[in-house]
Amino acid sequence: MDRMLKAARSSGALNLSNRSLKDVPDEVYRSLDAVGDGEKWWEAVELQKLILAHNNIEILKEDLRNLSLLTVLNVSHNKLTQLPAAIGELPMLKSLDVSHNSITGLPDEIGSATSLVKFDCSNNQLKEIPISLSRCLDLSEFKASNNTIISLPEDLANCSKLTKVEVEGNKLTILSVHMFASWTMLTELNAGKNLLNAIPENLGSLSRLIRLDLHQNRISSIPQSIRGCSSLAELYMGNNSLHSLPSEMGELSKLGTLDLRGNQLKDFPAEACKLHLSVLDISNNSLTGLPPEIGKMTTLRKLLLTGNPLRTLRSSLVNGPTPALLRYLRSRLSESEDSEAATTKENVISMAARLSISSKELSLDGMGLSAVPSEVWEAGDLVKVSLSKNSIRELPSQLSLCASLKTLILSRNKIKEWPGEILKPLTNLSCLKLDYNCLGQIPPDGFQAVSMLQILDLSGNAASLPRSPAFLCLRQLQELYIRQMQLQEFPLDILSLTHLKILDLSQNSLQSIPEEIGTLTTLTELDLSNNNIPSLPPQLGLLEDSLQALRLEGNPLRSIRRAILDKGTKAVLTYLKDKIPG
């Protein structure tokens with residue numbers, strides 16, 4: 001013990017986990033008072049990180065207030081029944097983990113620990129959360145799963161920086177409208193296994209939400225405002241009382257996993273068939289048929305239908321492989337298309353040009369253009385130009401005069417050469433989409449022309465990437481889409497992108513992922529689907545706190561059991577993290 005305390009006085013960190021401790025040694029509370037012979041007292045530092053997890057500790061003394069510089073305190077997996085009031089006298093405390101104890105109540109003083117960023121009190125015997133916690137305005141992660149909490153204090157709406165809330169396995173009957181209005185930074189919400197009867201109508205205000213888990217409640221409907229959850233990738237609504245789904249769900253373009261098992265659904269709306277799902281579980285409902293439009297959901301890897309009174313589908317199809325079922329449903333689709341009176345192309349272009357003068361945005365998508373008419377450049381201060389789904393081969397020189405341009409969308413055209421000279425004057429450009437063109441190899445210095453980009457999509461341009469290191473100059477990049485690029489190896493210079501939040505490497509030929517992937521700690525979405533990856537580095541588990549959506553379907557993964565993969569992102573990351581060598 002003396003040796004560890006001496007080391008702690010040098011490093012500021014003390015780890016006493018897994019030592020069968022029944023009490024916290026008194027020396028811990030006054031580590032600086034115990035400076036021994038041979039130590040230079042003026043070099044000793046106060047304790048900043050204290051780990052006491054996995055012991056048999058029954059009490060924390062009020063002497064805890066002596067550790068005033070403590071930033072991390074972990075006393076999880078012990079036998080605590082309460083916390084000392086002194087917890088509020090730790091002004092620097094950022095991370096507090098008291099999970100897996102027998103705590104029956106939290107002291108009001110916890111609200112005085114106003115530097116708290118992460119607080120985990122899950123797996124205790126709590127019946128309520130003190131209102132004072134709402135004074136911790138920097139709180140980003142709050143975990144209180146598996147208690148007996150009946151309600152969350154309304155004032156938690158003050159914690160507007162929350163990104164992750166886990167309250168699964170309690171007795172909650174309501175989620176507050178005020179909280180949803182305030183928690184606009186939220187990326188993950190898990191309130192499964194409660195007694196919730198409804199979802200707040202303003203659910204759509206959670207535009208950054210990536211994972212929503214409300215399984216095993218009593219919810220009978222999903223609000224139409226869900227269309228506003230534009231970042232949603234995983235939605236778990238299994239074992240509720242849903243009778244129908246809002247058609248607005250079809251607008252969730254990033255949704256990949258949808259769990260609706262064990263509800264009372266009588267039909268699946270055709271509008272929802274627009275979703276790009278990889279997993280759809282609608283087993284154990286009251287479905288008597290399926291819309292043939294499901295056959296168009298070609299991204300589906302798993303469609304679960306068992307336990308429905310389906311009369312129009314043979315049991316061999318229902319229980320068989322998903323691709324065969326999708327082919328059958330496609331065969332039932334009518335090929336007839338509604339004919340609508342088409343407005344002449346010239347009128348549309350003229351109208352778009354007039355609108356762009358006031359809106360600063362020009363959109364000429366899907367017009368069959370091979371060149372852009374000169375009259376559309378009347379508004380020189382455009383901030384957004386979208387010319388996707390045309391047959392444009394090269395960009396007009398007038399584009400380089402749009403100095404205010406921030407977003408340029410050129411998806412699905414016939415551009416063959418990297419338009420570096422035209423892009424170079426666009427110093428405000430933050431979003432560039434050139435996916436599915438005919439780009440040849442980009443020059444080695446090509447990206448220097450767009451060094452301020454935050455979003456870049458080059459998907460579907462096989463072999464167009466410049467030789468590594470290509471991305472080093474894109475220091476501000478937050479979203480990178482390079483799917484279907486015939487990549488054989490992971491571009492290692494991606495690891496230098498310290499602001500990267502979304503990385504799409506799907507539909508390539510990657511065979512491995514580097515261990516250093518664990519350094520991309522800002523990553524929230526990673527798509528590795530449809531590659532040739534047999535195993536994942538355990539270091540990927542280091543992204544457990546940030547990564548909300550991990551897509552792996554379509555890989556020959558042998559190192560992770562199917563049962564774990566089916567549980568989704570969080571389970572996979574936890575499994576990988578546990579595999580990191582000690």
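View 1. C431 is buried, with a relative accessible area of 7%. The model shown here and in the other views is predicted. The cysteine sulfur closest to that of C431 belongs to C402. The two sulfurs are 15 Å apart, which is too far for a bond. A disulfide needs two cysteine sulfur atoms within 2.5 Å. By this rule, the model has zero disulfides.

**View 2. C121, another buried cysteine.** C121 has a relative accessibility of 0%, so C121 counts as buried. For the sulfur of C121, the closest cysteine sulfur is in C136. The distance is 12 Å, too far for a bond. C121 is also one of the residues that I129 touches.

**View 3. I129 and the largest nonpolar core.** The largest nonpolar core holds 100 residues. Which of them touch the most other members? They are F119, I129, F142 and I294. Several helices give two or more residues to this core: helix 1 (2-11), helix 2 (26-29), helix 3 (177-182), helix 4 (315-318) and helix 5 (322-331). A closer look at I129 shows contacts with L106, C121, F142, A144, I149, L152 and P153, leaving out residues up to four places away in sequence.

View 4. The nine strands follow the order 14-15-16-17-18-19-20-21-22. Their pairing is parallel. In general, strands of a sheet pair through backbone hydrogen bonds. Which strands stand at the edges? They are strand 14 (361-363) and strand 22 (549-551). Each has a single partner strand, so one side of each is left without a neighbour in the sheet. On average, neighbouring strands of this sheet are turned by 5° against each other, direction ignored.

**View 5. The pairing of strand 14 with strand 15.** Strand 15 covers residues 384-386. Strand 14 and strand 15 pair in the parallel sense. Three bridges join them. In one place, L362 has V385 of strand 15 as its bridge partner.

**View 6. S388 and K389, two residues of one loop.** S388 sits in the loop between strand 15 and strand 16 (407-409). K389 lies in the loop between strand 15 and strand 16 too. Is S388 buried or exposed? S388 is buried, with a relative accessible area of 10%. K389 is exposed, at 56%. The side chains of S388 and D365 are joined by a polar contact of 3.0 Å. Residues up to four places away in sequence aside, S388 touches L364, D365, G366, I409, L410, S411, R412 and N413. K389 stands out by its backbone: its phi is positive, about 60°, although K389 is not a glycine. Most residues other than glycine have a negative phi.

**View 7. Q486, an exposed loop residue with a positive phi.** Q486 lies in the loop between strand 19 (479-481) and strand 20 (502-504). Its relative accessibility is 58%, so Q486 counts as exposed. Q486 has a positive phi of about 60°, although Q486 is not a glycine. What does Q486 touch, not counting residues up to four places away in sequence? The contacts are A462 and N508. From Q486 to M367 is 29 Å, C-alpha to C-alpha. These two residues are 119 residues apart in sequence.

**View 8. G460, a partly exposed glycine.** Where does G460 lie? G460 is in the loop between strand 18 (455-457) and strand 19. At 21% relative accessibility, G460 counts as partly exposed. The cut-off for buried is under 20%. G460 is in contact with Y436, N437, R483, Q484 and M485, its neighbours within four places in sequence left aside. The C-alpha atoms of G460 and L304 are separated by 30 Å. Along the chain, G460 and L304 are 156 residues apart.

Note on methods. Residues are numbered from 1 along each chain as its sequence is written. This is a predicted model: local features need pLDDT of at least 70, side-chain atom pairs count only at pLDDT 80 or more; totals for chains, interfaces and linings use all residues. Side-chain values use heavy atoms; hydrogens and water are left out. Two strands pair if DSSP finds at least two bridges between them. Helices (H or I, at least four residues) and strands (E, at least two) are DSSP runs, numbered from the N terminus. Axes are lines fitted to C-alpha atoms, for helices over the stretch in contact, and angles run from 0 to 180 degrees between N-to-C directions. Buried means under 20% relative accessible area, exposed over 50%, partly exposed in between (1.4 Å probe, protein chains only). A nonpolar core is a set of buried Ala, Val, Leu, Ile, Met, Phe, Trp, Tyr and Cys residues joined through side-chain atoms within 4.5 Å. Contact means heavy atoms within 4.5 Å. A polar contact is a pair of N or O atoms within 3.5 Å; within protein, one must be able to donate a hydrogen and the other to accept it, and residues adjacent in sequence count only if both atoms are side-chain atoms.
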